[in-house]
Amino acid sequence: MSYQLPTEEQTLAVESFRKFLQSEVKPVAREYRDRFIPKEKMRELTQRIAEFGLPGCTIPVEYGGMGWSFTTQGMLFEELVACSCDIALCVMLNMGLTSMLCNARPEVRERYMPDALAGKIFGSIGISEPDVGSNVAELKTRAVRDGDHFIVNGEKTWITNGVYSDVLICTVRGEKGLSHILIDRVEHGYESRNIDKIALGSQSTAQIFITDARVPAINLIGEEGEGLRNTMKVFENARAHVGTLSVGIMRTALEESIAYAKERKQFGKVIAAHQLIAAKIANMGIMVDAARLMCQRVFGLIDAGVRCDLQASMAKAFATEAAVQVCRDAVQLHGGNGITKEFNVERLLREAIIIPIPDGTTEIQQLIISRALTGVAAFT
Ligand SMILES: Cc1cc2nc3c(=O)[nH]c(=O)nc-3n(C[C@H](O)[C@H](O)[C@H](O)COP(=O)(O)OP(=O)(O)OC[C@H]3O[C@@H](n4cnc5c(N)ncnc54)[C@H](O)[C@@H]3O)c2cc1C
């Protein structure tokens with residue numbers, strides 16, 4: 001693929017979004033640093049952010065979305081992450097909800113899509129379980145057919161937006177294998193409990209408990225038994241977005257490191273003028289750019305209608321591991337100040353450490369990549 005300059009429309013959309021984020025979202029992110037943002041406050045933010053195109057950017061116009069490209073969505077999403085990874089994660093799951101709703105039955109799509117696009121409701125995607133992480137095919141949550149309903153029982157864990165969620169797109173096991181079904185918290189019922197983490201504590205990662213939820217069969221997303229195939233398709237797109245989470249985190253770490261290196265003086269000159277610091281900053285810049293280009297390649301391939309699981313795994317593995325290294329370098333470059341709460345880089349490092357885990361760990365991406373390159377599966 002050849003490199004394409006952003007269009008004038010893309011540049012304008014990104015610039016106006018950036019200005020809005022700086023004035024309206026950044027202050028809230030600062031205020032709630034490491035503290036949970038209550039649902040109503042988060043909803044105020046997601047509704048304002050929705051006006052700029054997330055989560056509806058790539059949703060077709062006939063379903064109420066903007067019908068823009070994944071490339072544009074990726075650019076907007078990076079701006080949001082650079083402002084707040086917590087809020088971006090929340091919006092990312094709402095992007096997942098709107099894109100899953102495109103495959104829902106028309107009556108279900110028409111009921112939930114408008115509020116989902118407007119940022120009024122929150123969605124979660126429930127795949128992982130206490131005993132099922134990397135090997136999705138083994139999941140145990142059961143959906144038993146009962147006339148024109150399913151009775152769903154099971155436990156999910158690590159579910160982003162879990163405590164906020166109004167609807168859960170749940171991967172379940174039934175007679176025909178794995179399927180996705182939409183469970184409404186109020187109408188069908190499920191419980192959630194937040195998980196305390198080392199970072200990203202301003203948003204929700206939660207356990208979900210589903211007990212005898214009676215869900216209409218029309219709430220199936222896609223066809224019964226196609227859950228595993230659909231999950232793999234979701235991963236392609238999701239992995240490039242998770243990679244972009246890391247791009248946004250390390251871009252901020254780089255920007256803060258550059259500012260600090262031009263300000264802090266040692267041995268009679270700013271530390272940016274010491275060659276080892278200059279090399280560190282150069283390498284950080286290379287990592288940010290390489291990771292961004294790899295994620296943009298995936299978005300470009302999706303826009304072109306080309307399957308790109310390999311490129312998505314490469315982008316996810318590279319970007320998320322690069323961010324850990326870049327943020328660690330950012331802390332080092334800040335010296336003692338780097339480990340204090342007065343500066344942001346310690347928080348960015350804690351965030352960066354988390355991102356290689358969701359949507360397939362680095363090790364799982366390596367297995368996918370090596371299988372594609374060698375034709376030999378090393379999964380067992
Ligand atoms: C912040 C966050 C948000 C998340 N959000 C969601 C969400 O919204 N919805 C959802 O369903 N899930 C979510 N997850 C769950 C995430 O997808 C899982 O944590 C991930 O798939 C890994 O599963 P696990 O934690 O059970 O680790 P395990 O699968 O138990 O793996 C443990 C370790 O063993 C390694 N490993 C496992 N199998 C192999 C192998 N075959 N070869 C080599 N190494 C291997 C792994 O790489 C890892 O290092 C989230 C996780 C996090 C941290």
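Residues are numbered from 1 along each chain as its sequence is written. In this predicted model, local features need pLDDT of at least 70 and side-chain atom pairs count only at pLDDT 80 or more, while totals for chains, interfaces and linings use all residues, and side-chain values use heavy atoms, with hydrogens and water left out.

Trainee: At what angle do the axes of helix H3 and helix H6 cross?

Mentor: H3 covers residues 70-83 and H6 covers residues 227-263; helices (H or I, at least four residues) and strands (E, at least two) are DSSP runs numbered from the N terminus. Axes are lines fitted to C-alpha atoms, for helices over the stretch in contact, and angles run from 0 to 180 degrees between N-to-C directions. The two axes come within 8 Å, and their crossing angle is roughly 40°.

Trainee: How is H3 placed relative to H6, given that angle?

Mentor: Angles under 35 degrees count as roughly parallel, over 145 as roughly antiparallel, 65 to 115 as roughly perpendicular and the rest as oblique. With axes crossing at roughly 40°, H3 is therefore, relative to H6, oblique.

Trainee: Is the crossing of H3 and H6 left-handed or right-handed?

Mentor: A crossing is left-handed if the near helix is turned anticlockwise from the far one by less than a right angle, and right-handed if clockwise. For H3 and H6 the crossing is right-handed.

Trainee: How many charged residues does the contact of H3 with H6 have?

Mentor: Contact means heavy atoms within 4.5 Å, and the residues making it include Phe-70 and Glu-78 of H3 and His-241 and Arg-251 of H6. Ala, Val, Leu, Ile, Met, Phe, Trp, Tyr, Cys and Pro count as nonpolar, Asp, Glu, Lys and Arg as charged, and the others, Gly among them, as polar. On that scheme the contact has seven nonpolar and seven polar residues, and the charged ones number three.

Trainee: How are H8 and H9 oriented to each other?

Mentor: The axes of H8 (residues 309-333) and H9 (residues 345-354) come within 8 Å and cross at roughly 160°, in a left-handed crossing. Among the contact residues are Val-324 and Cys-327 of H8 and Leu-348 and Leu-349 of H9. By class, this contact has ten nonpolar, one polar and two charged residues. H8 and H9 are therefore roughly antiparallel.

Trainee: Which element gives the largest share of the lining of the second largest pocket?

Mentor: On a 1 Å grid over the protein atoms alone, a cavity is a set of points where a 1.4 Å probe fits but cannot get out, and a pocket is an open set with protein on both sides within 12 Å along at least five of seven lines; lining residues have an atom within 4 Å of a point. The second largest pocket is lined by 29 residues, with Tyr-3, Gln-4, Thr-71, Met-75 and Gln-296 nearest its centre. The largest share, nine residues, comes from H7.

Trainee: Which strand gives the largest share of the lining of the largest cavity?

Mentor: Phe-150, Val-172 and Ile-181 are among the residues lining this cavity. Strands S4 (167-174) and S5 (177-184) each give two or more residues. The largest share, three residues, comes from S5.

Trainee: Where does Pro-55 lie?

Mentor: The peptide bond from Leu-54 to Pro-55 is cis, with omega near 25°. Pro-55 lies in the loop between helix H2 (39-50) and H3.

Trainee: Which strand holds Trp-158?

Mentor: Trp-158 is not a glycine, yet has a positive phi of about 65°. The strand in which Trp-158 lies, residues 149-160, is S3.
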